[in-house]
Amino acid sequence: MKQTIFAVEDDAAIQELYTYSLADDFDCRCFYDGESFFDALAGCVPDLVLLDIMLPGEDGFAILSRLKSESKTALVPVIMVSAKGEEITKVKGLNMGADDYIAKPFGVMELVARVKANLRKNPKNDAAGSSFKDIAIDYAKHRINVNDTPIRTTLKEYNLLSLLCENAEKVLDREYIFREVWGEGFMGETRTLDIHIKELRKKLSGAQSSAAIQTIRGVGYMLT
């Protein structure tokens, strides 16, 4: 069965480009606005969303916020789409939880490559979960248990701990972590990662986990 792509785009020409470019590998469905998109979500959760920013009604940022706040869609990769050169929109989208960004105009090969790359990163397309020592991560339920007790995390903390757990006892450099958790071209504060690591350490310590996130100076982090 083909994976499903939902594209929210009010430009008919770009909708046609999406359909033409992705038809061989995916089931691509296009929506003119947020209202029709969320109506469709009630019956089907896609594997990835292509989301334009300038839309009639709710704009792309409002739609992104709703997607990332709902448990059933929080892990669905979202690629934001906007006019080339609007750097501030790119930064805002990535900071709000978008997984990637593509600027108009774009080529067919770039579009397909970005879609496939982000689908590969999505945990729900891999195993049912991951574990290390007393940490157990359930991708389907979007839940982290430490010593059989659930811990509450933000979406970025969840994705970060998942990445560390999947690569336990391996050193992950900062650039790789930013790329995998915040997406290509992240341009936020460089201390963002350190702040998230600090919060995760607090939560693991509070749950009396035997696992620890080690700082590898000048390189990155490792879960041990």
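Helices α6 and α8 are roughly perpendicular to each other (a label for angles of 65 to 115 degrees). This is a predicted model, in which local features need pLDDT of at least 70 and side-chain atom pairs count only at pLDDT 80 or more, while totals for chains, interfaces and linings use all residues. Residues are numbered from 1 along each chain as its sequence is written, and side-chain values use heavy atoms, leaving out hydrogens and water. Helices (H or I, at least four residues) and strands (E, at least two) are DSSP runs numbered from the N terminus.

**Where two helices cross**
- The axes of α6 (residues 155-166) and α8 (residues 192-206) come within 10 Å and cross at roughly 80°; axes are lines fitted to C-alpha atoms, for helices over the stretch in contact, and angles run from 0 to 180 degrees between N-to-C directions.
- In α6, K156, E157, L160, L161 and L164 meet residues of α8, including L193, H196 and I197 (contact means heavy atoms within 4.5 Å).

**The sheet**
- Five strands, in the order β2-β1-β3-β4-β5, form an open sheet with parallel pairing (two strands pair if DSSP finds at least two bridges between them).
- β2 (26-31) and β5 (100-104) stand at the edges with a single partner strand each, so one side of each has no neighbour in the sheet.
- From one strand to the next, the twist averages 20°.
- β3 (residues 48-52) pairs with β4 (residues 78-83) over four bridges, and V49 stands opposite V78 in β4.

**Helices on the sheet**
- Helix α1 (residues 12-22) packs on the sheet and touches β1 (3-8), β2, β3, β4 and β5; its direction makes about 170° with that of β2.
- Helix α2 (residues 34-41) also packs there, touching β1, β2 and β3, and its direction makes about 155° with that of β1.

How values were computed. Angles under 35 degrees count as roughly parallel, over 145 as roughly antiparallel, 65 to 115 as roughly perpendicular and the rest as oblique.
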